[in-house]
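Trainee: I would like to go through this model one feature at a time. Please give the cut-offs as the terms come up.

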Amino acid sequence: METGTDVVFLIDASQGVQPIDYKLEKDLVQSLFYNFNISPTRTRGSAVIYGSSPQTVAGFTDPNLQNKLDSAPLLGTPRRIDRALEHASRMLLNSQRQGQKIVVLITAGAQAPGGKTFEQTGKALRDVGVKVFVIEVEKQSAGRDYTPLVHSQEDVIKFPSFDTLPWQGQKIARNIRKSLSMFFGVYKIIWIKRAF
């Protein structure tokens, strides 16, 4: 990824996520840190856990990102994906860097009642140039439609269980890099055309 890129990892710590599965989620994110070469000066990463409310575990310039993620608590509250995405969007806007802005959302189920629709949340993210990837882990996928959040169906990666997650980091990182090169290449062309 380019220098100047900021990535927010949204980690499902909500009701229904078992402690052992939560550990596997965090192991996956640790693997993605490694595969994206996350550091405070190049491609920067931030870890956010979410249930009914999001909590930033470590910010973009935190040198102890991995250690803080290890000790992040399981919240066990209802799953509000909309609030987590809005929190990530604010973080990316406030970072004031000109590189790519990316959200990797890990979710283990449906959003709790009362939240904003993916259409509402997705539009707000697209309007500020944020690219979203969804990693859904669910034994019996309910055919949930993440289309309003993502730019391509390839940006939704589904797993039937948590067990294999930690070993998927390299594959997921490769798929994300491929999608980013296509998306931001087109995004830059559109921006240049608008400028003239």
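Trainee: Which helix does N67 lie in?
Mentor: The model is predicted, so local features need pLDDT of at least 70 and side-chain atom pairs pLDDT 80 or more, while totals for chains, interfaces and linings use all residues. Residues are numbered from 1 along each chain as its sequence is written, and side-chain values use heavy atoms, leaving out hydrogens and water. Helices (H or I, at least four residues) and strands (E, at least two) are DSSP runs, numbered from the N terminus. On that numbering, residues 65-70 make up the helix that contains N67, namely α2.

Trainee: Is N67 buried or exposed?
Mentor: Buried means under 20% relative accessible area, exposed over 50% and partly exposed in between, with a 1.4 Å probe and protein chains only. The relative accessible area of N67 is 54%, so N67 is exposed.

Trainee: What distance separates the C-alpha atoms of N67 and Q30?
Mentor: Along the chain, N67 and Q30 are 37 residues apart. Between their C-alpha atoms the separation is 9.8 Å.

Trainee: How does R44 compare with those cut-offs, buried or exposed?
Mentor: R44 is found in strand β2. Contact means heavy atoms within 4.5 Å, and leaving out residues up to four places away in sequence, R44 touches T5, D6, V7, I38, S39, F60, T61, S95 and R97. Its relative accessibility is 9%, so R44 counts as buried.

Trainee: How many residues of β2 are buried?
Mentor: In a regular strand the side chains alternate between the two faces of the sheet. From β2, R44, S46, V48 and Y50 point one way, while G45, A47 and I49 point the other way, and all are buried. The strand is largely enclosed by the rest of the structure, because its buried residues number seven of the seven.

Trainee: Over how many bridges do β1 and β2 pair?
Mentor: Two strands pair if DSSP finds at least two bridges between them. F9 stands opposite A47 in β2. The pairing of β1 with β2 is in the parallel sense, and its bridges number seven.

Trainee: Which hand does the crossover from β1 through α1 to β2 have?
Mentor: With the strands pointing away from the viewer, a crossover is right-handed if the path from the first strand over the helix to the second runs clockwise. The β-α-β crossover from β1 through α1 to β2 is right-handed.

Trainee: How many residues lie between β2 and β3 in their hairpin?
Mentor: β2 and β3 (residues 54-58) run antiparallel and are joined by four bridges. V48 has T56 as its bridge partner in β3. The hairpin of β2 and β3 has between its strands a stretch of three residues.

Trainee: What is the angle between the ring planes of F9 and F36?
Mentor: Rings of Phe, Tyr and Trp (its six-membered ring) pair if their centres lie within 6.5 Å; planes under 30 degrees apart count as stacked, over 60 as edge-to-face and the rest as tilted. The structure holds three aromatic pairs. F9 and F36 form a stacked pair, with centres 6.4 Å apart and planes at 25°.

Trainee: How far apart in sequence are the parts that this pair ties together?
Mentor: Both F9 and F36 are buried. Because F9 lies in β1 (residues 6-12) and F36 in the loop between α1 (19-35) and β2 (44-50), the pair ties together parts separated in sequence by 27 residues.

Trainee: Which residues have the most contacts inside the largest nonpolar core?
Mentor: A nonpolar core is a set of buried Ala, Val, Leu, Ile, Met, Phe, Trp, Tyr and Cys residues joined through side-chain atoms within 4.5 Å. The largest has 35 residues, and those with the most contacts inside it are F9, F33, I135 and I172.

Trainee: Which residue of β5 is the bridge partner of L105?
Mentor: β5 is largely enclosed by the rest of the structure, because eight of its eight residues are buried. Strand β4 (residues 101-107) pairs with β5 in the parallel sense over seven bridges. In β5, the partner of L105 is V134.
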